[in-house]
Amino acid sequence: RYPKELMNILYMGLVGTSNDPEHTKQVFNDNGLQKSSIMTLYYVQVAADIEAPELKLSLPTGFPNGWGEGEGEEHKHAKGDENDLIEMSSSMLTLTVSRLQKGVSKTFDRIGFDNILEHVIDTNEIKDEYGVQLPQSPKEFLSIDIANIGKKIGVEVDGPGHFVCILDKPGKPTAPVSLKNQFDDRGENRVNGPTILKHRLLTHLGWDIIHLPYWEYQHLKGDKNKEMDYCQGLLEQSSKW
C-alpha cells in the first residue's frame, strides 16, 4: 500500500530535502502551497504514521510555517440567505455547509437520528488515540458533514467534488459530445482519492462513516417520505445504529 521508494520520492518532490520553503517556492516558481495541499499532506502523514509507521516519514520541521501562500488570512463569511451555501474558515480547515447538507440533516432529525452539522475533530484527539504528533499542526483537522457524536456515526454528503466521472467504459464506443452537453453528468462516478483517504482516517478514529451520493438524494425530488426511507436505509448499514 505504501511503496517505500515511491513515498520517499513523493515527499522529496513536494517539500524538497533542504527544509527551505523559499528555495522550494523558487523551484516551483509559485507563492507556496495552497491551504488544501497543506491539509492533504497532513492527512497523508497521519495515514502513513498509522498504517505504515516503519516508513518513518515526516514533514519538515516547523511545517507549514513559511510553506503556505497567503498565510495569516482567516475569514468567515456566508453567502445569501440561510438556505444558500455557507463557508467558514478557521485555522487551516475550511468548513462548507450546503443547502443539500442542511436538508439531509433535517431528514435525519425526522427519523430520530440526532446530529450536528460539521463536527470537527482536532489534532488532540489524534494525538491521544495514536500518539501522532504533527508539527505546528492546526487544531481543527478533520470534519464530518453530519455526525451523531454519542454513537460515532457520521454521514458524508458527497457532492460532485468527491467524484471523478469515467466517461469511457471499456469495450464501448465513445458517443459524440456536443458543446451543449459536454459538462453533463455522464458515465460512471467513482469516489476520488481525497475522499477515500478521509474515510480511512475517520475509520481509524473509531467513526462509522456512511456516504450519501448527491444524485441519489436529488432523485427523490423532495418527497419527504422517500427521503426518510432512504436515510433510514443508510443508517441500517451501520453496525453502531
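Let's start with helix α6. At 1.5 Å a residue, its 12 residues should span 16 Å, and the C-alpha atoms at its ends are 17 Å apart, which agrees. Keep in mind as you read that this is a predicted model.

Which residues of α6 are buried? They are T195, L197, K198, L201 and L202. These residues cover an arc of only 160° around the axis, which puts them on the same side of α6.

**A cavity beside α6**

Helix α6 also takes part in lining a cavity. A search of the whole structure finds 1 cavity of 30 Å³ or more, and the largest cavity holds about 40 Å³ of space. Its lining is made of E156, H162, T195, K198, H199, L202 and H211. Which helix gives the largest share of that lining? Helix α6, covering residues 193-204, contributes 4 residues. Sorted by kind, the lining has 1 nonpolar, 4 polar and 2 charged residues.

**Aromatic pairs**

Now look at the rings. Two aromatic rings are described as a pair by the distance of their centres and the angle of their planes. The whole structure has 10 aromatic pairs, and two of them are set out here.

| Pair | Centre to centre | Angle between planes | Kind |
|---|---|---|---|
| Y42 and F63 | 5.7 Å | 70° | edge-to-face |
| Y217 and Y230 | 6.3 Å | 65° | edge-to-face |

Why does the pair of Y42 and F63 count as edge-to-face? Its planes are at 70°, and angles over 60 degrees count as edge-to-face. Y42 sits in helix α3 (residues 35-51), while F63 is in the loop between α3 and β1 (76-78), so this pair ties together parts that are 21 residues apart in sequence. Y42 counts as buried at 0% relative accessibility, and F63 is buried with a relative accessible area of 0%.

Finally, return to Y42 and F63: ring pairs link them with Y43, W67 and F141 into a cluster.

Methods. Residues numbered from 1 in each chain as written. Predicted model: local features only at pLDDT ≥ 70, side-chain atom pairs only at ≥ 80, totals over all residues. Heavy atoms only, no water. 1 Å grid on protein atoms, 1.4 Å probe; cavity = no way out; pocket = protein on both sides within 12 Å on 5 of 7 lines; lining within 4 Å. Points joined across faces, edges and corners; volume = space filled by probe spheres on them. Helix = DSSP H or I, 4+ residues; strand = E, 2+ residues; numbered from the N terminus. Nonpolar A, V, L, I, M, F, W, Y, C, P; charged D, E, K, R; others polar. Phe/Tyr/Trp six-rings, centres within 6.5 Å; stacked < 30°, edge-to-face > 60°. Buried < 20%, exposed > 50% of the residue type's maximum accessible area, 1.4 Å probe, protein only. Expected span 1.5 Å × (residues − 1). Arc of directions from axis to C-beta.
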